[in-house]
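The following note is intended for a colleague who is new to this structure.

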Amino acid sequence: MNLPNHASVVVIGGGVMGCSTLYHLAKAGVSDAILLERNELTSGTTWHSAAQVRALRSSRNLTDLIRYSISLYSSLEQETGQSTGWINKGSLSIATNEDRLHFIRRQEALAKMYGIAANSVSVDEARERWPMMNSDDVIGAVWSPDDGRVGPTDLCAALVKGAKSKGARIFEQTGVTGIKTRDNRIVGVETTRGEIDCDAIALCSGLWSRKNAAMAGVEVPVWPCEHYYLLTNPLDGISGNLPTLSDHDGHLYIRDDSGGLLVGCFEPLGKAIDPDQIGEDFTFQLLPEDWDHFEPMLENALHRLPCLADAEIRMLLNGPESFTPDGSFLLGETAETRGLFLGCGMNSVGVATGGGAGMALAHCIVHGHTPSDLHEADPKRYPSCFNSVAALSKRVPEILGSHYAIHYPGMQLHSARNLKLTPLHSRWLQHKAHFGQFYGWERPLFFDCDHQPELSLGKPDWYDQVAREVGYAHQQAGVFDLSSFGKIRVAGVDAETFLNRVCTNDMTRSPGRAIYTAMLNQRGGYESDLTALRLADDEYRLYVGTSAIRRDLAWLRRNLHGGEQVEISDQTDEFAVLGLMGPSAADIATSLGAPELNQLGYFCWCEVNVAGIPVQAARLSYVGEAGWELSCATAQAESLFDALSAAGAKPAGIFAQTSMRIEKRFLSFGHDLDTDLNPLEAGLEFSLDWNSEFIGKSALLKFRDQAPANRLVSIVFDSIDAQPLGNEPVYHRGRIIGKTTSAAFGYRIGKPLAIALVSNNCELEGLTVDVDIAGSQNAGSIHTNAAWDPDGTVLRATTR
Ligand SMILES: Cc1cc2nc3c(=O)[nH]c(=O)nc-3n(C[C@H](O)[C@H](O)[C@H](O)COP(=O)(O)OP(=O)(O)OC[C@H]3O[C@@H](n4cnc5c(N)ncnc54)[C@H](O)[C@@H]3O)c2cc1C
């Protein structure tokens, strides 16, 4: 078959992601879409997948992708006549310690919220479902009947058959050797068999995606690890199919395979492997067995399944699979190149997610956005520093190992650290900071940490330190290091017109004003929220969230009209930002020679010398205490901090800030805000200027005169011992009415609290609710405004 000269979309890679994307493109009417595979279909990672499909994920939308996969895998045969090998036998998750039990019960609660069947079962019932299991140390279990598995090669055959029937074409033995761009847009591909012009590429090339994307100058931080499962010959006692047994404390998943057992693992530390070592002609191949590496897992397996001792081992399968720096996959358009869409870095859930992810990727290519918010998979969420071989090859083994980890609050990864340091890093070391990594930046979580904190699902080890730091900001003066905020300069004669279109608030306010605003998509959902300082008639500086810089830069650039005279540049590294907050801030400003700061109105900024250091001070707060965010040249950050410190201000970390922002109901993108939620639901209507023609306005107008279907509210718990973490179902009279989006202990109110998105179909103020935390109902009441707002001051803040 000859290659076409042109295709609307070229899908690169014939694994499950490529086949599913092609199928869904064809289904969406893109009948000239083609798939190029340099070897044979499924010959990369897909063919040897264990192909488990576990429905529950960490968010509703990720779960929905798998729910979609399950429905597709169980119905494709009807449509195409080709079986997918779907077997629905359920899965059993066991716990052998209290924290795991708590964790799987949290998952059970989550499953109920997402409409997935999951039930706690007794140890006896667990043993009935898995009679070969040694249950001596099992203390509880959760049964998930919706889970199953599929035949990965059959699945791809069915997807391909369906795609072809709708006009799509597939070219095997056709490698892509170059990606052609013009003005940062995809225009075509070079292949081993000639060139093809195209409008878009779906890069579904598995562990080879980093190198392929580099052909277009795009950074795709994907790196493979070796990944193991053991296969035995047939065993007595196994007849028919068994459910999957998930022994996550033992790092294992176990099921039947051809009458024997399949024992797979996510060992605590994986083994990275260079894709160049794997090579491009790695077709239906495997990596060498490594029994030394697998041995601890084998011991765990022998403990769980004593019958394994007598089993004949068929093989220790070792196949490569790609992982990313945060364990979530990449789906969507890249920041750098328009028309280059990613569907890769599947982190060992590619077969389970593939059906839904291919659907979402095709939707994104056709409509310009995913069908629902998938910010966890946004390719624009990584800084460049994660794309280095050094960072990736250290990080991905830990990511593989964390696949079955209990997600403790405050948990941090240990590899690939110190990639980006704020200008105050050495000062934070002196103050014994415990750091967390955000978009590669090391930010102090809390101070005075003299030991590696113990992780817990109960009262945190750092409770006292955070209480102290909240106390500084509430009763004296605290200094927060905000230097990692993205800072974007927008300048030029058309800057005001441009920002007035891209931002929702009135951006025509005069120089000297700070403006809290949103950037919305056409559907009225949040793309970002930010604070802008108007520096001059033709110049603004936007302060955006630490992790938002790449996404926001791309959004701004994409919405620039041809001919508009606007320069957009990244100034993040040029300025440090220190938040000086608390009742003593005013005296500190005066003592450091800047009394005029006390005359500055809310949401105004001025140039001022603090201890002789030129700063731009903006009167706003993310913690609900009076103060300023002080921006200074990076080189002067230490001097500024030293002066503030000598005048009595004390450092406060992210945990203190988070607690305080939740008390003030200040919202955070990625937690409370996302691309599906609009400002009316968020209760942030004040940031909309209905007189301007901002992007998203026409969508919002449809909702303007009606009560929003959902609302973000505060929930204050009755008991001081409740330990909400966020992402828990909220019940009213036994019915789920929403979920928590952020949670913390509120030191100023003396109670645990959460922000929650709840349905808005009754009077919410004062409504009593129960929040399901790991199976226990925790009573609380709803506040439609901030839980802590003693004098009703409306301190509008930026969201980081
Ligand atoms: C041992 C093991 C067990 C697993 N178990 C599970 C499981 O239980 N459940 C689950 O959901 N997932 C599991 N996975 C993960 C899952 O198999 C993968 O996530 C999935 O198969 C990845 O599919 P893909 O399409 O992204 O990549 P691949 O299947 O690797 O496909 C990528 C294709 O791109 C082609 N390609 C690359 N570069 C080019 C180029 N320049 N031009 C043309 N073609 C190119 C390659 O030849 C390859 O065929 C497992 C993985 C392993 C290794």
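1. A polar side-chain atom of E37 is placed 2.7 Å from an oxygen atom of the ligand; a polar contact here is a pair of N or O atoms within 3.5 Å. This is a predicted model, in which local features need pLDDT of at least 70 and side-chain atom pairs count only at pLDDT 80 or more, while totals for chains, interfaces and linings use all residues. Residues are numbered from 1 along each chain as its sequence is written, and side-chain values use heavy atoms, with hydrogens and water left out.

2. An N or O atom in the side chain of S49 lies 3.1 Å from an oxygen atom of the ligand. For G350, a polar backbone atom is 3.1 Å from an oxygen atom of the ligand. Of the 1,000 Å² of accessible area that the ligand has on its own, the protein covers 98% (Shrake-Rupley method, 1.4 Å probe).

3. The ligand is surrounded by 39 residues, the closest being E37, T46, Q52, E321 and A352 (a residue is near if one of its heavy atoms lies within 4 Å). Strand β17 (313-323) is among the elements that supply at least two residues of this shell, and β17 gives the most, with four residues (strands are DSSP runs of E, at least two residues; helices are runs of H or I, at least four).

4. Helices α13 (residues 463-475) and α18 (residues 654-663) pack at about 65°, with their axes 9 Å apart (axes are lines fitted to C-alpha atoms over the stretch in contact, and angles run from 0 to 180 degrees between N-to-C directions). Residues of α13 including V466 and H474 meet residues of α18 including F655 and M660 (contact means heavy atoms within 4.5 Å).

Definitions and conventions:
A polar contact is a pair of N or O atoms within 3.5 Å; within protein, one must be able to donate a hydrogen and the other to accept it, and residues adjacent in sequence count only if both atoms are side-chain atoms.
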